[in-house]
Amino acid sequence: MHKGFTQKYRAKNLVWFENHPNIVLAIQREKSLKRYMREWKIKLIEELNPTWIDLYERIDEIENVYRPHPNTREWSDYN
């Protein structure tokens, strides 16, 4: 069995997420977030989910769409 992130870090709850218009922007955002310090990431989580509840059951009810900077390349720029 291949050990993934969830098993390796014993992640049990979804406490934060973003919706992206396409995979290119999603990957770009993920790489961008990795550069920030833990304290900044905690603040980001607490803006959406101050009590750190599991959001999995409510994922369809929550609007958390990533809005890239206006200068970010569009999907059509990659094709």
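Predicted model: local features only at pLDDT ≥ 70, side-chain atom pairs only at ≥ 80, totals over all residues.
Residues are numbered from 1 along each chain as its sequence is written, and side-chain values use heavy atoms, with hydrogens and water left out.

**View A. Salt bridge between R58 and E61.** The side chains of R58 and E61 form a salt bridge, 3.3 Å from N to O. The term requires a side-chain nitrogen of Lys or Arg within 4 Å of a carboxyl oxygen of Asp or Glu. E61 counts as exposed because its relative accessibility is 59%. R58, at 36%, is partly exposed. By this rule the structure has two salt bridges.

**View B. Salt bridge between R29 and E18.** Here the N to O distance is 2.8 Å. The pair links distant parts of the chain, eleven residues apart: R29 belongs to helix α2 (residues 23-33), and E18 to the loop between α1 (5-8) and α2. Helices are DSSP runs (H or I, at least four residues), numbered from the N terminus. Both R29 and E18 are buried.

**View C. Aromatic pair of F5 and Y9.** A search of the whole structure finds two aromatic pairs. The ring centres of F5 and Y9 are 4.8 Å apart and the planes stand at 40°, so this pair is classed as tilted. Rings of Phe, Tyr and Trp (its six-membered ring) pair if their centres lie within 6.5 Å; planes under 30 degrees apart count as stacked, over 60 as edge-to-face and the rest as tilted. F5 is exposed, with a relative accessible area of 57%.

**View D. Aromatic pair of Y36 and W40.** Y36 and W40 are stacked, with 3.8 Å from centre to centre and 15° between the planes. Y36 is partly exposed at 36% relative accessibility, and W40 is partly exposed at 32%.

**View E. Positive surface patch.** K31, K34, R38 and K41 make up a positive surface patch. Patches are made of residues with over 30% relative accessible area and no salt bridge, like charges being joined within 9 Å. The place of a charge is taken as NZ of Lys or CZ of Arg. R38 lies in helix α3 (residues 38-48) and is exposed, with a relative accessible area of 64%.

Terms used:
Buried < 20%, exposed > 50% of the residue type's maximum accessible area, 1.4 Å probe, protein only. Patch = residues over 30% accessible without salt bridge, like charges linked within 9 Å, V, L, I, M, F, W, Y side chains within 5 Å. Areas by Shrake-Rupley, 256 points an atom, 1.4 Å probe, with all protein chains shown as cover. Lys, Arg positive; Asp, Glu negative; His and termini not counted. Helix = DSSP H or I, 4+ residues; strand = E, 2+ residues; numbered from the N terminus.
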